[in-house]
Amino acid sequence: MKKFIPIIFIGFASGLAGSYTYGLFRENEPIIIQASNPTNNVFANYKSQESINMTGDFVAASAQSTPSVVFIQTVGTSSQSSWFDWYFNGNSQVTSSGSGVIFSDNGYIITNNHVIEKADKIEVIHERKTYQAKVVGTDPSTDLAILKVEAEGLPAVKIGNSKNLQIGEWVLAVGNPFNLTSTVTAGIVSAKARNINVVSSQFPLESFIQTDAAINPGNSGGALVNSKGELVGINTAILSKTGSYTGYGFAVPVDIVVKVVKDLIKYGCVQKAFIGAEVSEVNTSVADKYHLKDLSGVIVTYLQKEGAAEKIGLKKGDIILKLNDIPVNTRSEFEELLAYHNPGDKIKITFKSESKQADEFVTLTNREGTTGMLVKQVTISQNLGASFETVSKVERDKLGIANGVKISGIKNGLIARMGLPEGFIITSINKVAINSPEELIEILEKIKGRVMIEGLSSNGARSYYNFYF
């Protein structure tokens, strides 16, 4: 044992000397901060002077934007999943919360649709004062909603510009989760026009700003602001397997937000413009199939019969290269450019058809195939515990149905106990075609005996429900 002691001592002394020497060589190296990524070792060097300047920008941006962010608390009712549960257990109250952004000084507040969609009661808390809020309008296709509280002189957020937002630009995510006054996190814009398939709608508009500014549950509906404290997006989603932030946050661009909010306030629904076509990205397999020389543009995958696109000569398989001279290479970019327009607007389309390039002007239409502004019409039945709306022409054409009534909202009542999901389209009851909400309500409120309901789920799958009353 004694003969090993000198060896151990020499080894220990050598280790100390090596560590000291290594430290001398590293004294003048920049600080390296490892990014939080378990599978990729990503490093970033920061100069102290740049950090000081950026800190100043963050302080000013935070001071500008945090007074405009509110805490939203909702109370809803959880319906039981079966008749047995409903009869013996009844319904229970469910509370949830999120954030919102003050759009105007007279009480209009922006948030996400998913924050308030199941709510019976909505409260907005700002600077420790509680306001009762009412829903002015919702748009599931962008996951946005606008609320109204009775107040004047509120600190409205300063509106920025998302079209000019650059990848790599610094942004702040400002939220008010759990009524913690405000939380601010910093990051950069890591991508634009992202589609992550989180919006549940027949015509979803997903063209998210992606950021690595930390966004956690409770921040939904909060503000994404630039270094000037200007609103550039509404924080909506995170990409995570755990439910907590893991480096990917997504926000609806403010240019889309402003269009949606103004339409909801004025009309009660978004004046969505349709071109009568759907597109997808051009990948290698698509290029090989259609003998394309490159992957630029988007390919037409669906044409509405007698729609605007068909009228100017577009065909399935044609490649759309530009809208109003702006290149489009993804479906998200295509949908976002259309989202800025109203029915009746004319836009120029640059497309390739059978290797020939052409420019055509197309007049955009509304959900009913006309060019006028629409007003949302929803019929509510307290007895059935749901609201209903007629399925639009654009949706009927896409789904291949001649008629139908959509369940657009579910509270307590017969529809919830029947287990019919929101967004379900009822096309017939006991083989009788349903053409209007009024017709549907009258039948269901009076019907007795065996009932068969036929319709389509939100993804277009045909479904059948059988009941006995």
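Colleague: What is the mean pLDDT of the chain?

Modeller: The mean pLDDT is 83, and 81% of the residues reach 70 or more. pLDDT is the predictor's confidence in each residue, from 0 to 100. This is a predicted model, where local features need pLDDT of at least 70 and side-chain atom pairs count only at pLDDT 80 or more, while totals for chains, interfaces and linings use all residues. Residues are numbered from 1 along each chain as its sequence is written, and side-chain values use heavy atoms, with hydrogens and water left out.

Colleague: Where is confidence lowest, and where is it highest?

Modeller: Strand β1 (residues 32–34) is lowest with a mean of 22, and strand β5 (residues 108–112) is highest at 97. Over residues 1–52 the pLDDT is below 50. Beyond near neighbours in sequence, that stretch has 16 contacts in the model, a contact being heavy atoms within 4.5 Å.

Colleague: And how many helices and strands are there in the chain?

Modeller: The chain has 11 helices and 27 strands. They are DSSP runs numbered from the N terminus, with helices being H or I of at least four residues and strands being E of at least two. Of the 469 residues, 45% count as buried. Buried means under 20% relative accessible area, exposed over 50%, and partly exposed in between, with a 1.4 Å probe and protein chains only.

Colleague: Now the barrel. Which strands does it run through?

Modeller: It is a closed barrel of 6 strands, in the order β9-β10-β11-β14-β13-β12, with antiparallel pairing. Two strands pair if DSSP finds at least two bridges between them. The twist averages 45° from one strand to the next. Angles like this run from 0 to 180 degrees between N-to-C directions, and the axes are lines fitted to C-alpha atoms, for helices over the stretch in contact.

Colleague: How many bridges hold β11 and β14 together?

Modeller: Strand β11 (residues 208–211) and strand β14 (residues 249–253) pair over 3 bridges, antiparallel. Ile-209 stands opposite Ala-251 in β14. Helix α5 (residues 254–267) packs on the sheet, where it touches β13 (231–238) and β14, and its direction makes about 50° with that of β14.

Colleague: What about Glu-230, buried or exposed?

Modeller: Glu-230 is in the loop between β12 (223–226) and β13. Glu-230 counts as buried because its relative accessible area is 14%. Its side chain makes a polar contact of 2.9 Å with that of Asn-226. A polar contact is a pair of N or O atoms within 3.5 Å; within protein, one must be able to donate a hydrogen and the other to accept it, and residues adjacent in sequence count only if both atoms are side-chain atoms. Not counting residues up to four places away in sequence, Glu-230 touches Lys-158, Ile-159, Gly-160, Leu-224 and Val-225.

Colleague: Let's jump to Lys-348. Which residue does it stand opposite in β20?

Modeller: That would be Phe-361. Lys-348 sits in strand β19 (residues 346–353), and 8 bridges join β19 to the antiparallel strand β20 (residues 356–363). In that hairpin, with 2 residues between the strands, Glu-354 has a positive phi near 55°.

Colleague: And what does the Lys-348 side chain do?

Modeller: It makes a polar contact of 3.0 Å with the side chain of Asp-325. Lys-348 counts as buried because its relative accessible area is 17%.

Colleague: Last one: which residues of α11 are buried?

Modeller: In helix α11 (residues 437–446) they are Pro-437, Leu-440, Ile-441 and Leu-444. They lie on the same side of α11 because they cover an arc of only 95° around the axis. The arc is that of the directions from the helix axis to the C-beta atoms. Among the elements these buried residues pack against are β23 (405–410), α10 (414–418) and β26 (450–456).
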